[in-house]
Amino acid sequence: DAQDFKNFIFGKAGMAAKSVDNVVARGDKGKWQNVYEVGLSELCNIWTDRPIFALWFTVILRCLVATGMVLVVPTSILDFAFPYFIFVSFQWVLLMIFFATGLDNIVLMLGVGIWFLIPFFEFSMIGDRATKPTGWARLPEIIISFVVFLYVMSTLKRIVLLGVRLQFYLRTSFICCGASEERRQAALHKMRVSIRFNYFF
């Protein structure tokens with residue numbers, strides 16, 4: 001049982017781009033092989049099955065909320081979000097290495113572990129204001145800035161996914177009008193591969 005649990009958490013089954021259709025098929029039957037397949041199959045189902053107008057509405061609403069958060073939260077608090085954008089760029093570099101090295105789990109774990117380094121660099125990046133009167137006194141500002149950062153990044157991710165869905169919609173409804181089912185399945189596979197790539201980010 002312990003080995004099965006380990007494989008479910010850290011297993012690499014279904015991570016290859018060519019396996020994305022099988023991951024979705026297993027997800028529809030509730031037969032996931034690991035945590036990765038649970039998240040990816042759910043994300044694929046959301047962005048392929050939901051009506052496109054519902055996705056439009058959700059993305060627009062999130063954009064409005066994200067804009068409101070940036071405008072309402074004081075700049076002195078948003079300054080604490082600056083290190084997060086620096087570290088996310090390093091994480092993206094590690095993710096590109098992850099893809100280039102054949103989906104090496106060690107590189108993926110490094111991409112996650114890099115976030116634990118933020119407390120050691122954040123105060124030096126921001127300066128004395130981050131530690132006065134004390135670092136603990138600035139903790140609420142750090143938490144608020146992190147929430148804003150996560151919401152903005154999540155909104156940007158959904159904008160990209162909406163673009164992927166719109167591309168699929170245009171290819172299957174207009175450009176490939178009257179195309180065979182085989183061509184539609186090929187377009188669907190490309191969309192799922194794009195969703196998979198976005199899923200890691």
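## Working through an all-helix fold

Read along the sequence, the chain runs α-α-α-α-α-α-α-α-α-α. You're looking at a predicted model, where local features need pLDDT of at least 70, side-chain atom pairs count only at pLDDT 80 or more, and totals for chains, interfaces and linings use all residues. Residues are numbered from 1 along each chain as its sequence is written, and side-chain values use heavy atoms, with hydrogens and water left out.

**Exercise 1.** Work out what the chain's secondary structure comes to.

*Solution.* Start with the elements: there are ten helices and zero strands. Here helices (H or I, at least four residues) and strands (E, at least two) are DSSP runs, numbered from the N terminus. Next, burial: 34% of the 201 residues count as buried, where buried means under 20% relative accessible area, exposed over 50%, and partly exposed in between (1.4 Å probe, protein chains only).

**Exercise 2.** Decide whether V70 is buried, partly exposed or exposed, and say why.

*Solution.* V70 also lies in helix 4. V70 counts as partly exposed because its relative accessibility is 38%. Now its contacts: not counting residues up to four places away in sequence, V70 touches L78 and V152. V70 and V152 are 82 residues apart along the chain, yet their C-alpha atoms are separated by 8.8 Å.

**Exercise 3.** Sort the lining of the largest pocket by class and by helix.

*Solution.* By class, the lining has 13 nonpolar, four polar and one charged residues. Ala, Val, Leu, Ile, Met, Phe, Trp, Tyr, Cys and Pro count as nonpolar, Asp, Glu, Lys and Arg as charged, and the others, Gly among them, as polar. By helix, helix 6 (82-100), helix 9 (139-175) and helix 10 (181-200) each supply at least two residues. Helix 9 gives the largest share, nine residues.

Definitions and conventions
Contact = heavy atoms within 4.5 Å.
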